[in-house]
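Please look through the sequence and the structure shown here before reading on. The report that follows takes up one residue, then its chain, and then the contact between chains.

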Amino acid sequence: MPKIKIDKNRCKGCYLCIVNCPNSLIKIDDELNAKGVKPVVFSGGKCTGCAMCAIICPEFIIEVYK
Amino acid sequence: MKKKNRKKINRSASKRAGKKVEEKLVFSRPQSLRDVDMHYCAGCGHSIVHRLVCEVIDEFKIRDRVIGIAPVGCAVIAYDYWDFDVSEAAHGRTPAVATAIKRVRPDNIVFTYQGDGDLAAIGTAEIIHAANRGENITVIFVNNGVYGMTGGQMAPTTLAGQKTSTSIAGRSLRNDGYPLKMLEMLAVLPGVRYLERVSVHSAQEIFRAKRAISKALGVVKSY
């Protein structure tokens with residue numbers, strides 16, 4: 001099952017991955033991270049491992065497993 | 001054809017039997033990019049271009065041959081992020097430094113990384129003369145249309161009507177003139193080999209930008 005891992009504390013909150021996920025599987029977390037922004041989290045749905053979120057992420061904090 | 005079909009059946013059978021499929025890392029940070037936090041604003045395309053440069057360098061294994069030249073501007077501390085040889089240059093004089101390095105070390109791949117304040121404002125003379133001499137260097141020009149580092153002031157490449165902190169009602173063509181079209185200016189020079197304008201706003205465009213960078217660095221034939 002493909003999945004992604006997000007390093008929460010390095011997220012700056014640009015939310016480009018949310019816009020670019022074709023299946024809308026990434027959500028905004030309710031709690032703040034170490035940088036003081038609400039980071040993105042993987043909702044755990046049916047990920048296809050297309051890596052669109054990782055390609056667009058400007059902080060390279062998303063790792064894609066397939 | 002028969003063989004292919006048999007393979008497919010075998011794989012699905014192992015899945016059904018509940019065999020654990022090993023997870024494989026398909027996307028992560030390239031090796032020549034240091035594992036540090038970047039100082040860029042949230043959502044800035046600079047770091048994506050940094051990553052594309054590193055990916056091309058890793059894929060074609062030219063890390064020990066490449067020399068980058070960092071500009072003055074937002075990307076001024078690019079040498080903190082890139083894990084290969086990088087030099088710093090005075091504001092706008094990056095093509096001049098690249099010319100010198102390429103002439104002294106002709107076997108190395110020399111590229112400059114410049115923003116629009118560096119290349120299109122203070123360094124216009126340097127880039128035009130380096131292009132006109134036909135220097136064997138690559139220039140990666142990151143144009144966002146404003147001076148991001150100093151607070152979003154109007155740049156020569158700001159589009160007509162674009163709002164910045166020094167053109168609150170939008171850039172007026174009457175007062176400030178037309179935006180500078182660097183690519184069209186350089187395209188008429190006979191010394192220029194390859195020019196391409198790309199964007200990094202979507203995943204598809206990022207693929208296109210990566211192809212353009214690999215062509216520009218000379219690792220893929222551009223003709």
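## A residue in a loop

Where is the place of Val76(B)? Val76(B) sits in the loop that lies between strand S2 (66-70) and strand S3 (85-88) of chain B, where helices (H or I, at least four residues) and strands (E, at least two) are DSSP runs numbered from the N terminus. The model is a predicted one, in which local features need pLDDT of at least 70 and side-chain atom pairs count only at pLDDT 80 or more, while totals for chains, interfaces and linings use all residues. Residues are numbered from 1 along each chain as its sequence is written, and chains are lettered from A and ligands numbered from 1 in the order in which they are written.

Val76(B) counts as partly exposed because 16 other C-beta atoms lie within 10 Å; a residue is buried with 20 or more such atoms within 10 Å of its own C-beta, exposed with 12 or fewer, and partly exposed in between, the C-beta atoms being placed from the backbone. Leaving aside neighbours within four places in sequence, Val76(B) is in contact with Ala70(B) and Pro71(B), contact meaning that the C-beta atoms, placed from the backbone, lie within 7 Å. Between the C-alpha atoms of Val76(B) and Phe207(B), which are 131 residues apart along the chain, the separation is 25 Å.

## Chain B as a whole

Chain B contains 8 helices and 7 strands, and of its 223 residues, 32% are buried. Among the contacts in chain B with a separation of 6 or more, 57% are between residues 24 or more positions apart.

## Where the chains meet

On chain A, 19 residues are in contact with 19 residues of chain B. Helix H1 (16-20), helix H2 (52-56) and strand S4 (62-65) of chain A each supply at least two residues of the side that touches chain B, and the largest share, 4 residues, comes from H2(A). That side of chain A divides into 11 nonpolar, 3 polar and 5 charged residues, with Ala, Val, Leu, Ile, Met, Phe, Trp, Tyr, Cys and Pro counted as nonpolar, Asp, Glu, Lys and Arg as charged, and the others, Gly among them, as polar.

S4(A) is joined by 2 bridges to strand S1 (residues 25-27) of chain B, and the two run antiparallel; strands pair if DSSP finds at least two bridges between them. Val64(A) has Phe27(B), in S1(B), as its bridge partner.

Note on methods
Two residues are in contact if their C-beta atoms, placed from the backbone, lie within 7 Å.
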